[in-house]
Amino acid sequence: MHIHSNQLFPLIILLFSMSSFADTLTRYEYLQSRNSVIADYDLAEKACDSLTSNANEICMAEANGKKRNALARLYGVYKPSANARYQELTTSANAAYAIALAKCNGIDVKDKSTCWSSAERTKINAINAAGINWSQSLK
């Protein structure tokens, strides 16, 4: 039975979200999972190609964010550390920021400044929270 990479991605995410998944991955498992994440991104990127203008920009930001988040989580399982956890949290904040900016680009010019400011504040708050979480994990 052959399993397509797009079927593996939800399984990988489920494994990472399970609190009992405390063991680290072998190098082979890490590379296999990494390849699966990249293959899923390629499929998502192709799906975005059918969209135009701002919808394409948002779709690409979401696909890229999912890939970066999955790779950061995967590395956190492969090489668990406080720094890896911090990278997961900041990657998530940066991905959410990129998506918010893409969405801001699709609105009226008069509302863009407010939208950009809101996106920036959200990113800064998330990164500050990641820093607090990171510093507490060092204790």
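**View 1. Lysine 79 lies over the face of tyrosine 78, at 5.1 Å from the ring centre.** Here a charge counts as sitting over a ring when NZ of Lys or CZ of Arg is within 6 Å of the ring centre and within 35 degrees of the ring normal. Another such case can be found at tyrosine 41, where the charged end of lysine 67 sits over the ring, 4.4 Å from its centre.

Before we go on, a word about what you are looking at. This is a predicted model, in which local features need pLDDT of at least 70 and side-chain atom pairs count only at pLDDT 80 or more, while totals for chains, interfaces and linings use all residues. Residues are numbered from 1 along each chain as its sequence is written, and side-chain values use heavy atoms, with hydrogens and water left out.

**View 2. Ring pairs join Tyr30, Tyr75 and Tyr78 into a cluster.** A pair of aromatic rings is described by the distance of the centres and the angle of the planes. Rings of Phe, Tyr and Trp (its six-membered ring) pair if their centres lie within 6.5 Å, and planes under 30 degrees apart count as stacked, over 60 as edge-to-face and the rest as tilted. The count by this rule is three aromatic pairs. One of them brings tyrosine 30 and tyrosine 75 together edge-to-face, with 6.3 Å centre to centre and 75° between the planes. This pair links distant parts of the chain, since tyrosine 30 is in helix α2 (residues 27–48) and tyrosine 75 in helix α3 (residues 53–78), 45 residues apart. Helices (H or I, at least four residues) and strands (E, at least two) are DSSP runs, numbered from the N terminus.

**View 3. Tyrosine 75 also pairs with tyrosine 78, again edge-to-face.** For these two rings the values are 6.3 Å centre to centre and 70° between the planes. Tyrosine 75 and tyrosine 78 are three residues apart in helix α3, so about one helical turn separates them. Are these tyrosines buried or exposed? Tyrosine 78 is buried at 14% relative accessibility, while tyrosine 75 is partly exposed at 39%. Tyrosine 30, with 12% relative accessibility, counts as buried. Buried means under 20% relative accessible area, exposed over 50%, and partly exposed in between (1.4 Å probe, protein chains only).

**View 4. Leu25, Tyr30, Leu74, Val77 and Tyr78 make up the largest nonpolar core.** Helix α3 gives the largest share of this core, three residues. A nonpolar core is a set of buried Ala, Val, Leu, Ile, Met, Phe, Trp, Tyr and Cys residues joined through side-chain atoms within 4.5 Å. In soluble globular proteins, nonpolar side chains tend to be buried together.

**View 5. A disulfide joins cysteine 48 and cysteine 59, with the sulfur atoms 1.9 Å apart.** A disulfide is a pair of cysteine sulfur atoms within 2.5 Å, and by this rule there are two disulfides. The link between cysteine 48 and cysteine 59 is left-handed, with -75° about the S-S bond. It connects distant parts of the chain: cysteine 48 belongs to helix α2 and cysteine 59 to helix α3, eleven residues apart. Both cysteine 48 and cysteine 59 are buried.

**View 6. Cysteine 104 and cysteine 115 form a disulfide, S to S 1.9 Å.** The torsion about their S-S bond is about -80°, so this disulfide is left-handed. Cysteine 104 lies in helix α4 (residues 82–104) and cysteine 115 in helix α5 (residues 109–137), so the pair ties together parts that are eleven residues apart in sequence. Cysteine 104 is buried, with a relative accessible area of 0%, whereas cysteine 115 counts as partly exposed at 23%. With the bonded cysteines of the chain numbered in sequence order, the pairing reads 1-2, 3-4.

**View 7. Alanine 102 has its place in helix α4.** With 2% relative accessibility, alanine 102 counts as buried. Which residues does alanine 102 touch, not counting residues up to four places away in sequence? They are Asn54, Glu57, Ile58 and Ala61, where contact means heavy atoms within 4.5 Å.

View 8. pLDDT is the predictor's confidence in each residue, from 0 to 100. For the chain the mean is 82, and 78% of its residues reach 70 or more.
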